[in-house]
Every structure is written in C-alpha cells, then in structure tokens.
Amino acid sequence: MIYESLRDSVGLVKSKVSIGNIHFKQENPQLALKEYLVAQEIAESINDDFSRHRVYSAISKASKSIGRKDQALLYNKKALLLAEKHGDAKSMAVGKKNIANLYMELGLYELAATEYKAALAIETELNNLGEQVGSFCGIGMAYVQMQEPHSSLHYFDEARCLASKLNLPRELAYVYSGLADANAMLGNEIDGYYFLKAYVAIKDTLVTEVAMKEMGEIKNKYELESKEKQIALLSAEKNLLSKEQKIKGLYWFLLFAFAAFFTITGFIMISKSKMQARLFKLLELRGEKIKEQNAKLAQSNLDLQQFASVASHDLREPLRMINSYTKLLNRKYTETFDAPAKEFMHFITDAAVRMDRMLTDLLDYSRVQNKGEKSQWVDSKELVAIALDNLKFKIEKRKVKINYKKSDLPKIYCNKTAMIQLFQNLIGNAVKFTNEKNPVVVIKCESRDGQPYFSIKDNGIGIKKEDQAKIFEMFQRLHTQQEFEGTGIGLATCKKIVERHQGEIWVNSKTGEGSTFFFTIPQKAAMAQEVVVN
Ligand code: ADP
C-alpha cells in the first residue's frame with residue numbers, strides 16, 4: 001500500500017513537473033514555478049531524492065528565468081548536494097555549471113571559474129566533449145571578466161578546438177567573442193579584430209540560419225495559410241458552383257414545373273371545354289326532352305281538364321233528369337209506395353245528390369290551371385269572408401264559432417277564385433270535423449321570413465299520423481258517408497291550388513285533439529307564376 005502510494009506520489013511529482021515544463025516552454029515561468037512548488041511539497045513529503053532533485057533543478061531554472069537569481073542559486077546548490085549524495089556525476093557536472101553560470105550573472109567571477117573547473121573535471125572524466133566546450137569557454141570568460149586575459153587564452157583555445165571538431169557553431173561564436181575581448185585587452189588589435197570578424201561571420205550565418213529557419217517557418221506558415229485560403233476559396237467556389245447548380249436545378253425545375261403546369265392546365269381546359277360542350281349538348285338534349293315531356297304533359301292535362309269539365313258538365317244533365325224524376329215519383333206516388341219502395345227512392349235521391357256534389361267538386365278541381373283569370377293583389381280577409389259566407393248555412397247549422405283577427409290576414413298576390421276555393425274547402429272540413437259540443441275553428445296568418453303562413457285549426461276528431469299524407473290524394477276518405485259525407489276531392493283540390501302558387505300544404509293533428517291545416521303562398525313565386533282558374 002505504502003509503496004503504491006509512494007509510486008503514485010512520485011508519478012504526481014513527475015506530472016506536475018511536466019505540466020510546469022510545458023508552461024515554461026510556453027514562456028510562462030511564473031505558472032511553471034507554481035507547478036514546481038506544488039511538486040516540491042509532494043517530493044519533500046515523500047522524501048524521495050530523485051523527485052526532489054528533479055524539482056530543485058526545475059525551480060532553479062524557472063527562478064533564474066524570472067530574475068530571482070538567489071533563489072535559483074539556492075535550488076541549484078540543493079540539487080547539486082543531492083547529486084553528490086548519490087554520486088551522480090553527470091548531474092553534478094550540470095549542477096556545477098549551472099551554479100557557475102549564475103555566479104557569472106551575479107558578477108562572482110572567481111567563484112564562477114572554480115565551479116566551471118569543477119564541472120570540467122567531471123566532464124573530462126565522463127569524456128563528455130560537448131559539455132567540455134561550455135566549461136572551457138566559461139572559465140575563459142570568467143578570466144576575461146576578472147581582467148586576466150592571459151589566463152583565459154588557454155581555455156578559449158581548448159574550447160575552440162573542441163567546438164570546431166564537434167562542429168558547434170554557436171559555441172564557436174561564443175569562443176570567438178571571448179577571444180576577441182581577451183586579445184583586445186591584451187592589445188592584440190589585429191587578432192582581436194580577426195576573432196571579432198570570425199565571431200560576426202558565425203553570428204551572421206547563425207542569424208541567417210535562424211532567419212532562414214524563421215523564414216522557412218514563415219514560409220511554411222504562409223504556404224499553410226495560402227493552402228488553407230486556397231482550400232477555403234475552393235470550397236467557396238465549390239459552394240458557389242453547387243449554389244449555381246442548385247439555382248440551375250431550380251431554374252430547370254421551375255421551367256419544367258411551368259411547362260407541366262401549362263400543359264396540365266391546357267389539357268384540363270381542353271378537356272373541360274370538351275366536357276362542357278358535351279354537357280351543353282346533353283343539357284340541350286335533356287332540355288329538349290323536358291320541353292317535349294312538358295308539352296305532352298300540358299296536352300294530357302288539357303285533355304284531362306277538358307274531359308273532366310265535359311264529363312262533369314255532361315254528366316250533370318242526366319243527373320238532373322234522375323233528380324227531377326225521382327222527386328216527381330216521390331211526389332206523385334208517395335201514397336202507393338210501401339216502406340221498402342220509399343227506402344229505395346231515398347237511396348236513389350241520396351246517390352243523385354252525392355253524384356252532383358262529386359261532379360261539382362270534380363269540376364272545381366279541373367278548373368284550377370294556368371289559364372284564365374289572372375293573379376292579383378287580394379286582401380286575404382276578403383277571401384276568408386267570402387268563403388265563410390259560402391259556408392254560412394253549414395256553420396250556423398253546426399253552431400261553429402269561427403275565430404280570426406282581421407288584422408292578422410294580409411294582402412296577398414294570388415289567384416282570387418282559387419284562393420276562395422282553398423279557404424272554403426279547408427274551413428268547410430274544419431266545420432264538418434270539429435267538436436260537436438264546443439265547435440271552434442281558428443283562422444290565422446303568421447309571417448315567417450316575410451312569407452304568409454296560413455293555418456285553419458279545429459278542435460275536432462283529428463287525423464291519425466299514418467293517414468295525414470294520403471288525405472291530400474284524390475278520392476281518399478277516412479270515413480263512410482254515414483259518418484261524414486264527402487267526395488274525397490276537396491283536399492286534392494287544395495293541394496293543387498297551393499302547388500300552383502308554388503306553396504306547400506300540410507296538416508298537424510292528433511286523433512281526438514283536432515287538426516290544423518297549414519299552407520304557404522310564397523309571394524315572389526306567386527307573382528312570377530300566374531295561377532288561373534277558368
Ligand atoms: P271530403 O269531401 O271527404 O271531406 P276531403 O278531400 O276534403 O274530402 O277530405 C279527405 C278526408 O280527409 C276526409 O274524408 C276526412 O276523413 C279527412 N279530413 C279532412 N279534413 C279533416 C279535418 N279537419 N279533421 C279530420 N279529418 C279531416
């Protein structure tokens with residue numbers, strides 16, 4: 001467990017230092033130092049020398065970078081102690097050289113020279129030629145700074161040989177600058193000038209190299225950027241092309257859609273006009289057929305009316321004969337007739353009267369047509385008054401109370417004779433079928449949507465629901481002659497009159513509770529349609 005946590009802590013130190021190094025490379029030594037200090041705490045806590053050495057070296061590097069040279073020196077020395085403790089020669093050499101460099105920066109040249117020499121001794125032992133160049137150079141520089149150019153020359157020479165051998169131009173330039181200073185101090189202007197020139201030449205190449213490198217980098221960057229731009233341009237072009245293609249596609253689509261639309265519309269219009277032509281022809285044919293049928297119907301109606309009229313007129317003549325002669329027989333031979341003979345005579349008279357009534361009704365029915373008397377504006381109270389007058393005896397006989405408000409009854413545009421007939425038939429039925437004890441008939445007219453709705457109500461026997469439609473048909477009766485006399489033509493005539501006025505007729509009734517007959521006479525239709533009664 002302990003070992004594991006130790007290993008974890010070592011790893012943590014390592015990663016903290018690595019993070020710090022990244023900050024350092026990104027030229028942010030402050031942040032780097034923060035990470036290193038955290039790493040130091042961990043390293044101290046675990047007391048791991050290797051970790052501590054790693055952290056000390058890092059702290060000294062960052063401290064130096066931010067100008068805290070004392071702190072840098074302190075941590076370098078700490079690192080060196082650890083390296084020495086563990087006999088790590090390479091780290092010792094590095095440590096000593098770092099300390100020497102710091103001494104140089106602090107102006108402690110003697111100390112610097114000592115440390116450089118110590119480092120050089122180790123490097124020589126390790127046969128690390130590259131590192132030796134720096135140490136030789138450092139010693140030389142320290143002597144120059146100590147105003148001892150003589151002493152420096154040997155070290156500079158050593159450094160120059162090694163740097164040339166190892167082809168280290170940077171170090172060589174450093175050596176030449178030292179040699180230039182030393183020779184200048186020694187009064188060897190020519191040599192000094194020579195080394196200065198060599199230094200400048202190398203520096204130039206170095207600068208050129210750096211410049212070239214930077215140029216290369218810039219070039220690469222530029223190429224990269226231009227490539228990126230090219231790519232962007234290409235993709236923009238591609239976008240443009242695809243947009244153009246899309247627009248083209250849209251254009252073709254629209255063109256196609258228009259073409260299709262016009263073709264379809266044209267096709268539809270042609271087929272529509274063809275269909276219309278066909279429809280017109282069909283309608284024309286149908287119209288002709290209807291005209292033909294109407295003409296046939298009109299002819300047959302006329303024939304029927306003529307027949308009914310002729311029949312009712314002509315039949316009345318022999319009927320009158322029968323009536324007259326039965327009356328004569330009754331008067332002259334009434335004493336000689338026995339009871340059955342008298343009864344037979346009564347049957348004959350009765351039948352003759354009934355037949356006369358039927359013929360009258362049939363004549364009335366046949367008179368309702370579209371020719372003859374013209375429609376006119378009539379006061380409906382006048383129509384009702386005439387009808388009541390015609391029914392006077394029946395009303396009085398049955399003591400029927402007729403209720404109506406004159407002000408309720410409006411002026412209507414209608415065929416006067418037909419309308420009197422209509423009122424007469426309906427009021428006549430109401431009187432006939434009304435309550436025996438308290439007979440009341442109510443006549444009303446309501447206005448609905450500007451149209452007159454007439455109603456004739458009685459409190460009589462009423463009509464069963466299933467019989468209500470058929471009573472408007474010709475010869476349809478619900479009672480025997482013994483119960484209620486009649487012909488079964490009255491309501492059929494009413495229906496004919498109302499329909500000729502483009503109106504409707506119907507009944508609301510309940511058995512034993514009386515009946516109300518309604519009818520409408522639409523005024524616009526009545527004005528347009530001339531209802532005529534011969
Ligand atoms: P009718 O001459 O027999 O009265 P209608 O055509 O006028 O002929 O009437 C047909 C039948 O309708 C009548 O026989 C009667 O049965 C019935 N009816 C007509 N009006 C009324 C009413 N107000 N109350 C009851 N029944 C009626």
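N183 is buried, because its relative accessibility is 4% and buried means under 20% relative accessible area, exposed over 50% and partly exposed in between, with a 1.4 Å probe and protein chains only. The residue lies in helix α9, where helices (H or I, at least four residues) and strands (E, at least two) are DSSP runs numbered from the N terminus. Not counting residues up to four places away in sequence, N183 touches L153, N188, D191, G192 and F195, a contact being a pair with heavy atoms within 4.5 Å. The model is a predicted one, in which local features need pLDDT of at least 70 and side-chain atom pairs count only at pLDDT 80 or more, while totals for chains, interfaces and linings use all residues. Residues are numbered from 1 along each chain as its sequence is written, and side-chain values use heavy atoms, with hydrogens and water left out.

The protein chain as a whole has 16 helices and nine strands. Of its 534 residues, 34% are buried, and its accessible surface comes to about 33800 Å², of which 58% belongs to carbon and sulfur atoms; accessible areas come from the Shrake-Rupley method with a 1.4 Å probe, and for residues only the protein chains shown count as cover. Among the contacts in the chain with a separation of 6 or more, 65% are between residues 24 or more positions apart.

F195, one of the residues touched by N183, is also in contact with Y176.

S63 has its place in helix α3 (residues 49-65) and counts as buried because its relative accessibility is 0%. G95, for its part, is in helix α5 and counts as buried because its relative accessible area is 7%; G95 and Y75 are 20 residues apart in sequence and 9.8 Å apart in space, C-alpha to C-alpha.

The ligand is the next stop. It is surrounded by 20 residues, the closest of which are N429, D458, R477, T487 and L491, and a residue counts as near if one of its heavy atoms lies within 4 Å of the molecule. By class, this shell has eight nonpolar, nine polar and three charged residues, where Ala, Val, Leu, Ile, Met, Phe, Trp, Tyr, Cys and Pro count as nonpolar, Asp, Glu, Lys and Arg as charged, and the others, Gly among them, as polar. At least two residues of the shell come from each of α14 (416-433), α15 (490-500) and β8 (515-520), and α14 gives the most, with three residues. A nitrogen atom of the ligand is 2.9 Å from an N or O atom in the side chain of D458, whereas an oxygen atom of the ligand is 2.6 Å from an N or O atom in the side chain of R477, and an oxygen atom of the ligand is 2.9 Å from an N or O atom in the side chain of H479. Taken alone the ligand exposes 530 Å², and the protein buries 98% of that.

Most residues other than glycine have a negative phi. F475, which is not a glycine, has a positive phi of about 65°; this residue lies in the loop between β6 (451-458) and α15 and counts as partly exposed because its relative accessibility is 45%. Q502 likewise has a positive phi, near 65°, and lies in the loop between α15 and β7 (505-509), where Q502 is partly exposed, with a relative accessible area of 44%.

How values were computed
A polar contact is a pair of N or O atoms within 3.5 Å; within protein, one must be able to donate a hydrogen and the other to accept it, and residues adjacent in sequence count only if both atoms are side-chain atoms.
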